[in-house]
Amino acid sequence: MNLIPEDKKIFIKDLKDHVGEQVQLECWMYNKRESGKISFLQLRDGSGFTQGVLEEKNVDAKVWKTSQDVTIESSVLVSGEVSKHPKKDEYEIQISDLEIIQLAEEYPIGKKDHGPEFLFENRDLYLRSKTPWAVLRIRNQVFLSITNFFYEEGFLRGDTPILQPTSCEDTTELFSVDYYGEPMYLSQSGQLYSEAAIMSFGKVYDFGPVFRAEKSKTRNHLSEFWMMDAEMAFYDQDMNEDLQERLVKRILKDALENCKLELEILERDTTVMEQCVAKPFKRMKHFEAKKELEEDGFSVDYNDDMTTEEEIALGNKYGIPVFIEDYPFEVKSFYMKSYEDDKGVKRARCADLIAPEEAREIIGGSQREDDYDVLLKELKERDYPVSDYEWYLNIRKYGSVPHAGFGIGMERMTRWISGVHHIRETIPFPRTTVLNRP
Ligand code: 4AD
Ligand code: MG
């Protein structure tokens, strides 16, 4: 086929600027409807969706025949005039010419309602449907918002290795690989490396695929997901939460402004998200959260993490993101700064950010232990191989400063905004404990 030259290409998203003009589109036909002597071709080109209308009496017999022959998901070259829907903000093509680039074989999905398992076994094809298109474009916007935000805030994007000799989070959640005969682990988070990097750059962030080997089968867990870690020197936990709040508000605001079509496709009610942009986030201590839940009828464990049901209940109760602060240290990671509360409970200077609408924990963050001796003692108490962490301990030897950071789960954030049921919808090719095809 003759490709349309780059400077002549027109995309479906821009049809509104070409009303009354003759255009040519390189696209796919994702569906077809016929009504007597009129054919309605549903077209998509990656940038958006439109309808092509073809009337037998207005086109060559050859073009009409092509419109009858064309199959679902065939690639096509469409020519015609752009017109506006008389009432709606929608644009169509009155097709005058139609050329098949490749006639698709019978398409396995789309004819009837398939269950999610079938769709994910055919994820390579399912990606072409409207729901994944909308969700993954929202994901793209989330990455962009974070990049812009940190650029404006003077952060350096300093990426971190995926192959790591040590564990960042829980050692039981590691995937190991054979690295020239030595064991290495797939990253759970870039945080430890970012802590070293802020001693040079002050404020850094990274994006990276991270891996968790725990066999969690919830609709909020992936085995491979993307995390954005941010780390800041001369920062305490309050400053850390202030920054997270500004970032989350920015992400929501950008999505509401720039992803209108996507949110509409997903039939997302955005009332709560709009509230979250406008209102201050709630902050409460872990023991206060547990106490409230107890008063609301939960049988809680004050010494443990928040359960799924507890996170959902808090999100529903407040309708805005809630920072749950100062968890019992024993359920949190070794690197967190700790203190003893007035009841003698050792607590971490940390917060998880719980989002409403059943989105649950979207961010985990903390102030880091900046004292060499305290950190060394903790590593020993947890039976970590201290020699592997020597470089990390060294950050506390040469000009240690109070510092803090956080990690945002990119797919958890995307799931909240898009409102889809399962997190696997929010990454192009999900890796979970059960579904790994394709
Ligand atoms: O709370 P986590 O485990 O924190 C860390 O890894 C820190 N080192 C981050 C930091 O301080 N730089 O993970 C951070 C976030 C969670 O809040 C959640 O949004 C997401 O990562 N997350 C997952 N997302 C999908 N699937 C999983 N299995 C996830 N585990 C965590
Ligand atoms: Mg966490």
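Phe-334 and Tyr-335 are both buried, where buried means under 20% relative accessible area, exposed over 50% and partly exposed in between (1.4 Å probe, protein chains only). This is a predicted model, so local features need pLDDT of at least 70 and side-chain atom pairs count only at pLDDT 80 or more, while totals for chains, interfaces and linings use all residues. Side-chain values use heavy atoms, with hydrogens and water left out, and residues are numbered from 1 along each chain as its sequence is written.

A pair of aromatic rings is described by the distance of the centres and the angle of the planes. Rings of Phe, Tyr and Trp (its six-membered ring) pair if their centres lie within 6.5 Å; planes under 30 degrees apart count as stacked, over 60 as edge-to-face and the rest as tilted. Searching the whole structure turns up 18 aromatic pairs. One of them is Phe-334 with Tyr-335, edge-to-face at 5.4 Å centre to centre and 75° between the planes. Phe-334 also pairs edge-to-face with Tyr-392, at 6.1 Å and 70°. Phe-334 lies in the loop between β13 (322–325) and β14 (338–340) and Tyr-392 in helix α12 (residues 390–394), so this pair ties together parts 58 residues apart in sequence. Helices (H or I, at least four residues) and strands (E, at least two) are DSSP runs, numbered from the N terminus. Relative accessible area is 1% for Phe-334 and 0% for Tyr-392.

Phe-143, Phe-149, Phe-150, Phe-155, Tyr-205, Phe-207 and Trp-226 make up one aromatic cluster. Ala-230, in strand β11 (residues 224–233), is buried at 1% relative accessible area. Leaving aside neighbours within four places in sequence, its contacts (heavy atoms within 4.5 Å) include Phe-150, Phe-155, Tyr-205, Arg-368 and Phe-406.

## Glu-310

Glu-310 is in helix α10 (residues 308–318) and is buried, at 3% relative accessibility. Not counting residues up to four places away in sequence, Glu-310 touches Lys-290, Leu-293, Phe-298, Val-300 and Asp-305.

Conventions: Chains lettered and ligands numbered in written order.
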